[in-house]
Amino acid sequence: MKSRENLIQFGLLIIALSTIVILLLIALFILKEGLPIILRVGIKGFICSTHWSPQQGQFGILAMIIGTAWITAGAILVSLPLSLSCAIYLSEFSTPKVRGTLKPIIELLAGIPSVVYGFMGMVILFPLIRNYLGGAGPSILTASVILGIMILPTITSIAIDSLQAVPHSYREGSLSLGATRWQTIRMVILPAAKTGILSGIILGIGRAVGETMAVIMIAGNSVIIPKSLLDPVRTLTANIALEMNYATGDHRQALFATGIVLFITIIILNIIAHTIARGGVEK
Amino acid sequence: MEYKIELVNLSVYYGDFHALRNINMQIGAKTITALIGPSGCGKSTMLRTINRINELIDGTRIEGKILIDQKDIYHPKTDILQLRKKAGMVFQRPNCFPLSVYDNITYGPRVHGIKKKAELDEIVEKSLRATWLWDELKEKMKKSALSLSLEYQQRLCIARVLALGSEIILLDEPCSALDPITTLRIEELLVELKKDYTIIIVTHNMQQAARVSNYSGYMLMGELVEVNETSKIFTSPQDKRTEDYITGRFG
């Protein structure tokens with residue numbers, strides 16, 4: 001009996017370890033494919049140059065980094081007011097029943113395939129932006145709005161959880177001193193939930209940086225340094241997805257190197273989010 | 001004689017549960033009144049209805065009146081925020097906010113509209129001196145209140161109520177999270193504060209009631225069985241049930 005228990009435990013351990021092994025293999029593979037070109041061009045030449053013309057052997061991804069940064073920043077700006085208001089309402093004002101119904105529905109937003117979001121952007125936002133603001137339609141603005149909606153469930157859900165984790169005694173204490181509910185939220189609840197909300201925002205940034213399909217459909221994909229919100233841009237993820245199927249040699253390596261940059265960015269964001277979250281628990 | 005607080009035929013219900021039954025009680029200004037009784041007898045409920053913090057619980061219903069300075073605090077026109085300012089509350093476990101010492105004390109004044117730094121500074125010093133915290137904390141204004149010991153946190157909670165400009169201090173078992181020595185210090189503080197404030201303290205500790213209070217009320221199953229001068233309650237209780245409780249035969 002005992003040996004059977006051990007066997008099961010050992011089997012599960014192997015399976016658990018294999019996920020880590022898969023992660024390591026992916027990381028190794030990307031590094032092996034991408035690192036040579038970075039070493040040849042130099043980290044500075046790769047990251048700080050805006051010239052991306054693989055046919056001429058120029059591999060600078062700065063334009064894509066800037067594009068990703070703009071779209072991500074825009075997405076956060078779009079998402080933050082919406083998700084925070086939503087979380088504050090659901091955590092502090094709604095009844096538990098309403099919260100129990102609405103929160104899963106908001107989380108359902110995360111389950112919509114990203115190609116559908118891209119499609120919505122093309123069909124609804126392109127004409128709107130073309131008619132009222134000018135430009136062709138595909139732009140930083142379009143991508144920011146759509147990505148902002150896409151990361152809404154991540155930030156809202158984590159923000160609700162952090163607000164709910166604030167001890168009830170703080171609310172009672174504040175109200176018993178004659179504070180209004182809004183003063184209580186603004187001056188006690190939000191500061192107390194700040195770290196949790198912040199880690200939610202960072203996970204949202206991570207999602208925005210990594211999103212590919214919707215962005216390809218609506219960001220325009222031109223390798224340029226944008227001058228206005230209506231200019232099209234290309235993101236790091238789009239760069240890989242668009243060119244991988246015909247790239248060979250150095251070009252292919254440069255795309256893997258773009259993957260390394262993304263990989264490291266996401267790892268750093270996740271580490272920050274976890275560190276903040278843990279700090280919040282210890283106070 | 002005019003009373004600071006009067007409870008007139010007060011009944012409280014939580015849904016179908018009858019938590020307080022027809023309470024009548026008068027409390028004079030600048031006295032300490034202790035409410036004693038076994039767990040679940042309604043003493044906390046009674047305290048919380050005076051600050052109207054009880055309304056946070058869904059399904060709370062109240063009958064009868066509570067008068068503070070002859071005004072019915074459950075009158076529809078009552079400014080509930082002003083009421084809570086007048087009758088500040090200290091809870092069982094210290095509930096300092098996760099803010100600095102300074103921001104904790106100035107919280108009350110700030111939510112009631114005081115903005116001037118000089119005025120806030122003065123309030124902070126005054127309420128910290130009154131709670132004997134000034135010397136220890138004057139250098140630690142920016143530290144998080146949560147880094148203080150439990151005793152200091154609870155004293156800070158009392159200071160927070162003083163800073164509010166309250167006239168009445170309601171304490172709900174304020175020493176239950178503290179050890180005996182710090183409990184004694186809080187009790188000394190309460191006796192000192194009695195000079196300027198009307199204090200009601202809920203306690204399950206009869207020695208504490210005997211040590212600090214002028215008047216004691218014994219509660220059982222939502223009823224106020226007996227209320228009298230503390231010395232009389234503890235030496236010659238009129239009601240058999242009170243006698244059983246204080247002699248330790250029950251509760």
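In helix 7 of chain A, residues 168-176, the buried residues are A:Y170, A:R171, A:G173, A:S174, A:L175 and A:S176. Helices (H or I, at least four residues) and strands (E, at least two) are DSSP runs, numbered from the N terminus.

This is a predicted model, in which local features need pLDDT of at least 70 and side-chain atom pairs count only at pLDDT 80 or more, while totals for chains, interfaces and linings use all residues. Residues are numbered from 1 along each chain as its sequence is written, and chains are lettered from A and ligands numbered from 1 in the order in which they are written.

Back to helix 7 of chain A: its buried residues pack against helix 8 (181-210) of chain A, and also against helix 1 (43-51), helix 2 and strand 6 of chain B. Just after helix 7 of chain A comes A:G178, with a positive phi of about 90°.

**Where the chains meet**

Between the two chains, 16 residues of chain A are in contact with 22 residues of chain B; a contact means C-beta atoms, placed from the backbone, within 7 Å. On the chain B side, helix 2 (80-86), strand 6 (87-90) and helix 4 (107-111) each supply at least two residues. Helix 2 of chain B gives the largest share, 4 residues. By class, this side of chain B holds 12 nonpolar, 6 polar and 4 charged residues. Nonpolar covers Ala, Val, Leu, Ile, Met, Phe, Trp, Tyr, Cys and Pro; charged covers Asp, Glu, Lys and Arg; the others, Gly among them, are polar.

**Chain A as a whole**

Chain A has 11 helices and 2 strands. Its elements run α-α-β-β-α-α-α-α-α-α-α-α-α from the N terminus on. Of the 283 residues in chain A, 40% are buried. The UniProt record, an unreviewed entry, lists residues 65-273 of chain A as "domain: ABC transmembrane type-1". Over residues 65-273, chain A is 78% helix and 0% strand, and the end C-alpha atoms are 21 Å apart.

Axes are lines fitted to C-alpha atoms, for helices over the stretch in contact, and angles run from 0 to 180 degrees between N-to-C directions.

| Pair in chain A | Angle | Axes |
|---|---|---|
| Helix 5 (114-132) and helix 6 (140-164) | about 140° | 10 Å apart |
| Helix 3 (62-93) and helix 6 | roughly 35° | within 6 Å |

The angle of about 140° makes helix 5 of chain A oblique to helix 6 of chain A. The crossing of helix 5 and helix 6 of chain A is right-handed, and helix 3 of chain A also passes helix 6 of chain A in a right-handed crossing. Among the residues where helix 5 meets helix 6 in chain A are A:M120 and A:L125 on helix 5, with A:V145 and A:I149 on helix 6. That contact has 10 nonpolar, 3 polar and no charged residues. The contact of helix 3 with helix 6 of chain A divides into 21 nonpolar, 8 polar and 1 charged.

Conventions. A residue is buried if 20 or more other C-beta atoms lie within 10 Å of its own, exposed if 12 or fewer, and partly exposed in between; C-beta atoms are placed from the backbone. Angles under 35 degrees count as roughly parallel, over 145 as roughly antiparallel, 65 to 115 as roughly perpendicular and the rest as oblique. A crossing is left-handed if the near helix is turned anticlockwise from the far one by less than a right angle, and right-handed if clockwise. UniProt positions are given in the numbering used here, feature names are shortened, and annotations may be inferred rather than shown by experiment.
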